[in-house]
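Please look through the model shown here before reading on, and keep it open while you follow the explanation.

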Amino acid sequence: MKCFAFVLLGILPAVSPGASPAIGQDPAVIPAGYRVERIEVPKGIVLEVGGLGFADDGDLFVCTRIGEVWRRRGETWSIFARGLHEPLGLWVDRRAGHVYVMQRPELTRLVDSDADGRADRYETVCAAWGVSGNYHEYAYGLVRAPDGSFFGTLNLAHAIDDASRQVLVAGGTVMSRPAKWRGWAFRVAPDGTFEPWASGLRSPAGIGANAAGDVFFTDNQGDWIGTSTLQHLVKGAFYGHPASLLDHPDFAGREPSSLKLEDFADRRRMPTVHIPYGDLANSPGDPAFDLTGGRFGPFADQAFVGDQTRSNVFRVCLEKVGGEYQGCCFDFVDHLQSGIVRACFADDGSLYVGETARGWGSAGPAEYGLERVVWDGATKPREMHHVSLRRDGFHVAFTCALPADGLAAANFTVARWHYLYRPEYGSPPQDVTEVAITAVRAAEDGESVDLILPEVVPGQVYRITVDPGLGLGNSRAWYTVNRLVD
């Protein structure tokens, strides 16, 4: 297969009649060999996507923020359920044919018992968490484990009134916990038993699992979260926002506000991957792992994450260092029609992205919609494939060979910085430092290069930039160093 530089492609086909026209929209910026197709939505369907899932027969189920579940069979859309409370997660039981949705107050099983194509039973699976009525108390999902249990995440409330401000803790400025278990990830056992799994989450809008069954979630920048993150979900972990500790058994009978920032910092689990705010993403959603076996191109097992603000999809490659995940993120496709909250791979290997702009707006001009990213099955894009950590620097691998003169030190720059952990909203990069490259070792086949640095410092984000003149579709990578190679 030949390797080509990236190209600009228009989005196909014409604007759907059910969404706002994308008038004046820039064409999608996407690696060579990929295209973006806009899925036509019939007029009258407000498809503010909250969840996506496929049935065994290829039918697509979509839940929406206005409380509906739609089924798409071929080009035909039909209503499956109505009257739900802002569902922001969906999972299709392919064997039983049931659809599970994450509503704000509960996890619900939708059953079509008479096989007429529409749910007639709405069964509560679990409703163990609290709801105060604050508009920001979103509930996200779903990941189903091999044992039949579900994982989901619960958003904190936004402190917009006196009642919710009373539960602000430790100087937090924005988010609060007026209802139980907000700011937690949870597990629902097959029998419906609720198990609080991990605390310290702020606005964990996306959740997904890799090939090994390990669960990951994204969290959005804000108070206590310096920049958006991808996190490995670990039982008992604390991810940084102290409001959720009001429900933690370690804090029974005492207020987290009595602790100092250092106490939270010592308890906090570092982000698996920092996602640079503004440069790459502002409000990330689902991490959809490419388990298609190569049908989506050369990025097998990497995660593809949509961003609600930037209307883009970026990818993340992970590795284990010292037994723990850390890794690198890259941009992938830009200028989609609306903000991306959900992403899901279809059986044919294409990536469906569900979109909505309501609430925070998005770079894309449409209010909502559904698009599909497809690889042509032959063309190799010209991209950085992955970056991995070495004892003395970084190994940068490409999807195809670069010319020998393109692998010289002059074609690479490296910088590093860190983010503050603090109660204020977000953090700009701190102590940005240009890092000298002391040596470059290029592979004979031209498909990788080792960048040798004077030292690698843990707790830092490293940005690796390749000369744009080499024609890569995306010339920057951001690697989060938590642990060093032994």
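**Pockets, a sheet and confidence**

The largest pocket, which is an open set of points on a 1 Å grid over the protein atoms alone, where a 1.4 Å probe fits, with protein on both sides within 12 Å along at least five of seven lines, has a volume of about 1200 Å³, taken as the space filled by probe spheres set on the points. It is lined by 44 residues, and the closest to its centre are W91, L142, V143, R144 and A209, where a lining residue has an atom within 4 Å of a point. This lining divides into 25 nonpolar, 10 polar and nine charged residues, with Gly counted among the polar ones and Asp, Glu, Lys and Arg as charged.

This is a predicted model, in which local features need pLDDT of at least 70, side-chain atom pairs count only at pLDDT 80 or more, and totals for chains, interfaces and linings use all residues. Residues are numbered from 1 along each chain as its sequence is written, and side-chain values use heavy atoms, with hydrogens and water left out.

Elsewhere, four strands (DSSP runs of E, at least two residues) form an open antiparallel sheet in the order β4-β29-β28-β27, in which two strands pair if DSSP finds at least two bridges between them. Strands β28 and β29 are joined by six bridges, and Y352 has R372 as its bridge partner in β29.

Over residues 1-24, however, pLDDT stays under 50. Where pLDDT is low, the predicted coordinates should not be read in detail.

Methods:
pLDDT is the predictor's confidence in each residue, from 0 to 100. Contact means heavy atoms within 4.5 Å.
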